[in-house]
Amino acid sequence: MTLQLNVSGRRVAITGAGQGVGRGLALAFAAAGAEVLINDLRGERADSVVEEVLAAGGTASALPFDVTDYQAVTDAFATAGTVDVLVNNAGNAGADGFLTGRRFAATEPVDWEPFLRVNLYGVLHCSRAALPAMVDRGWGRIITIVSDAGRTGDPNSAAYATAKAGAAGFTRSIAVEMGRYGITANNIALGTMRTPLTEPLWSQPDAPQAKAILRNYAIRRPGIADDVTHLAVLLASEHGSWITGQTLPVNGGFSFAL
Ligand SMILES: NC(=O)c1ccc[n+]([C@@H]2O[C@H](COP(=O)([O-])OP(=O)(O)OC[C@H]3O[C@@H](n4cnc5c(N)ncnc54)[C@H](O)[C@@H]3O)[C@@H](O)[C@H]2O)c1
């Protein structure tokens, strides 16, 4: 018996894959034999990850669009051809910037909107565009990167946590609707990662904020993309075919799934 953690012959679209976790996912899926379609709002970031994948001997192409723009998403999927696996990774308030860190009672709807548009509507848009062809083929995988913020709550980031919790609930609904068509849908809930998004935390002298965060983690280091990538490939592989509707935490023991 051989453990085959590979996804050869699959086409995998990854949103927000121009840096950070998404870039790691693109490299890992390519290393596992998939053809990767690398989305990012920033076309130049997508191009640069395509170059990296090609240099490593993989197969990739750029698929730049804004996940918040439903028409752009629909057009991109219509021209992309087969997508067997969709990884909804694009997240946060927009192209850049970490959480605003403001008490909910001090915010207005205009402050919530970017979080909801990218983290929630972006997931709905891409899933809506990808699912019909998966149903036709009788096979598909949707993997959505959410956050422990949405599982445990997160002070000063209520709109972000709301969007991530909403995306997780969407995944569970789709899992129930789509299981009969050979389609699974799962969430991976991340704790604090060291990516370009959070780099300002880690690169401060002595990193006091980062150290304070890590005191809440059983394993006292931030996550890196490779902590996530193998689980995502597993979920997309044949070995993941009976795992659906789950939210799997990858979080250094910040919180636990019961
Ligand atoms: N970094 C963390 O600590 C952390 C913690 C929990 C969850 N997450 C989640 O993990 C995912 C990846 O995070 P990261 O740290 O790698 O982020 P990142 O900001 O480093 O990279 C995200 C990429 O997504 C792209 N993007 C942003 N908005 C987009 C849009 N509208 N359309 C297309 N692309 C868009 C950005 O251009 C960027 O290249 C996100 O969903 C994030 O919410 C991150």
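Visitor: In strand 4, which residue is the bridge partner of Ala-13?

Guide: The model is a predicted one. Strand 1 (residues 11-14) and strand 4 run parallel, joined by three bridges. In strand 4, the residue that bridges to Ala-13 is Leu-86.

Visitor: Which residue of strand 5 is the bridge partner of Val-87?

Guide: Strand 4 also pairs with strand 5 (residues 140-147), in the parallel sense and over four bridges. The strand 5 partner of Val-87 is Ile-143.

Visitor: Are the residues on the two faces of strand 4 buried or exposed?

Guide: Buried means under 20% relative accessible area. On one side of strand 4 (residues 85-88) are Val-85 and Val-87, and on the other are Leu-86 and Asn-88. Both faces are covered, and these four residues are all buried.

Visitor: Which element gives the largest share of the shell around the ligand?

Guide: Helix 1 (20-31), strand 5 and helix 6 (158-178) each supply at least two residues of this shell. The largest share is three residues, and the element supplying them is strand 5.

Visitor: How much of the ligand's area does the protein bury?

Guide: Polar atoms of the protein reach oxygen atoms of the ligand: a side-chain atom of Lys-164 lies 2.8 Å from one, and a backbone N or O atom of Met-193 also lies 2.8 Å from a ligand oxygen. Taken alone, the ligand exposes 830 Å², and the share of this that the protein buries is 97%.

Visitor: How many charged residues does the shell around the ligand have?

Guide: There are 31 residues around the ligand, and Asp-40 is one of those that come nearest. By class, 13 are nonpolar and 13 polar, while the charged residues number five.

Conventions
Residues numbered from 1 in each chain as written. Predicted model: local features only at pLDDT ≥ 70, side-chain atom pairs only at ≥ 80, totals over all residues. Heavy atoms only, no water. Buried < 20%, exposed > 50% of the residue type's maximum accessible area, 1.4 Å probe, protein only. Pairing = 2+ DSSP bridges. Near = heavy atom within 4 Å. Polar contact = N/O pair within 3.5 Å; in protein donor to acceptor, adjacent residues only side chain to side chain. Areas by Shrake-Rupley, 256 points an atom, 1.4 Å probe, with all protein chains shown as cover. Nonpolar A, V, L, I, M, F, W, Y, C, P; charged D, E, K, R; others polar.
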